[in-house]
Amino acid sequence: AARAVHSRVSGPGAAAGWHPGSRAAAAAMFSGSVLLPGGDATGDCTLRTSDGGSFEAQRAYLATVSPYFAAMFREQFGAQKDVVVSGVSAAVLDALLTYQYTDQLCVNAHNILEVLRAADMLLLEEARKQCLMLLLKTMGINNCLGLATLTRQYYFPNFSDTVFAFLRSNFEEIWQRSEEFPDTPAWLMYDLLSSPELNVEHEENALQAIAKWWTTGAPAAAPDANVLLQLLQCVRIGRCRKEALDQFASRWPLLVERVEYQTAIVQALRIGPCMCTPNKLLIALTEPEKPPQPAPPANMAPNPAVVAGMAVNEAGNPFVAQMAFANVPVLFGQPIQMINGAAPAQEPEPEPEYAPMDLRQAGCEQCGLTNPERWLPRLPSELIFVIGGWSNGQPRDTIETYDPRVDRWFEHKDPNFTPRRRTHFHSGTIQRPYKPVDHGSAYDEKTERRRGVCVQGPAIH
């Protein structure tokens, strides 16, 4: 039978209407003379605590559930029968023994961390897992930062990933409302702000979070200039609005006057990003958009090459295509080389190799300009990915990315990518729930056709 966890949670992060558990009720479950699985048994050892607790138990059974007790009761270690369990209170040991013998774990918001620590020390793995699972179930805005600090102390599958996904997704609400935020450790602030998946509505909000943490939290009592500089370098200044930076300067004048702010924000904005190995998105964000080509006159004769290309697209027949190209002997001053009845495909220009730079590095060692990562957008709510698709009667082998702030699509081709007819359409937003959609269609501006898609990912509103 599955073990039951009886939790009555109160205090910060507790659900409304829950009340602290009764210590007397938990104590009544474990009366000193225990029932072992399979029938009645008398205890052959006594476990004592420093605050006067005394519990009878069976050494053989405890040795099977905990390597700690297995080592304690071995012959070579004296096979102790009267043991003082140091560092554990009577109430906590009572809760743990009750769970081992009755499969019921009675904890509340005031003792769950103490029970977790004792279960970890005594190597009671099942009790430890139940505590961590209960903490995840009660995770909210007011206790998630405290849970994040536990990820460095206790391991549990997906525990760290679940906590940090919640932190990144709800960061806007956390830094504004959580009572724990001023006491957030510096390492946790850096992990959050340096993440490309941090969900902020506007990048300058990351600056506001740093200012609040720096002036009201632990750093206010013992400021560390290096910590402030590292956090400010996590701000993607290329995505900050000028008017928002001006408002920030008027609200936090003392912080703006610091050398760290002038170096990480003001000077970095002035010298611009490194363009030694730019990617397509960085080029689009930093270079002005080219004006659209003027539309040809309505009475202008059609381009023979375009007519031939349309014939290939529409007919899909090599014979028709060859007849169409026969009327176009020269394209841009060069004879057309026919291969199996069709013009040769143009080789795409190779994309420059782009290696992301660590945000701890302020600038490029070659050109001395600012870290280019600080000009790129974070992933949530700013990028849309279209993977595969259907166009011109053939499955596509492309991955296309759309950035709404520059209003451009970017196409990436990978020779190892298998063409697929079903399109996977993903938004970078991580805060919205996933909503699968069966099938739909998307408009392809290049071919002026609609192509069938299968949408899988967060709903786009």
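Student: Which residues does Thr49 touch, not counting residues up to four places away in sequence?
Tutor: Happy to start there, and keep in mind that this is a predicted model. Thr49 sits in the loop between strand 4 (45–48) and strand 5 (54–57). Leaving out residues up to four places away in sequence, its contacts are Phe55, Val85, Val88, Ser89, Ala90 and Leu93.

Student: Does Thr49 count as buried or exposed?
Tutor: Buried means under 20% relative accessible area. Thr49 has a relative accessibility of 7%, so the residue counts as buried.

Student: What is the length of the polar contact that joins the side chains of Thr49 and Asp51?
Tutor: A pair of N or O atoms has to lie within 3.5 Å to qualify as a polar contact. The side chains of Thr49 and Asp51 are joined by one of 2.6 Å.

Student: Which residue in the turn of the hairpin has a positive phi?
Tutor: Strand 4 and strand 5 form this hairpin, with five residues between them. The two strands pair in the antiparallel sense over four bridges. In the turn, a positive phi of about 100 degrees belongs to Gly52.

Student: Which residue in strand 5 is the bridge partner of Arg48?
Tutor: Good one to trace on the structure! Leu47 stands opposite Phe55 in strand 5. For Arg48, the bridge partner in strand 5 is Ser54.

Student: Which strands stand at the edges of the open sheet?
Tutor: The open sheet has three strands in the order 5-4-6, with mixed pairing. Each edge strand has a single partner strand, so one side of each is left without a neighbour in the sheet; these are strand 5 and strand 6 (82–84). From one strand to the next, the twist averages 25 degrees.

Student: What angle does the direction of helix 4 make with that of strand 5?
Tutor: Helix 4 (residues 90–102) packs on the sheet and touches both strand 4 and strand 5. Its direction and that of strand 5 make an angle of about 20 degrees.

Student: Which side chains of strand 5 point to one face and are buried?
Tutor: The side chains alternate along strand 5.

Student: How far apart are the end C-alpha atoms of helix 6?
Tutor: Helix 6 (residues 125–137) has 13 residues, which at 1.5 Å a residue should span 18 Å. Its buried residues include Cys131 and Leu132.

Terms used: Residues are numbered from 1 along each chain as its sequence is written. This is a predicted model: local features need pLDDT of at least 70, side-chain atom pairs count only at pLDDT 80 or more; totals for chains, interfaces and linings use all residues. Side-chain values use heavy atoms; hydrogens and water are left out. Buried means under 20% relative accessible area, exposed over 50%, partly exposed in between (1.4 Å probe, protein chains only). A polar contact is a pair of N or O atoms within 3.5 Å; within protein, one must be able to donate a hydrogen and the other to accept it, and residues adjacent in sequence count only if both atoms are side-chain atoms. Contact means heavy atoms within 4.5 Å. Two strands pair if DSSP finds at least two bridges between them. Axes are lines fitted to C-alpha atoms, for helices over the stretch in contact, and angles run from 0 to 180 degrees between N-to-C directions. The expected span of a helix is 1.5 Å times one less than its number of residues.
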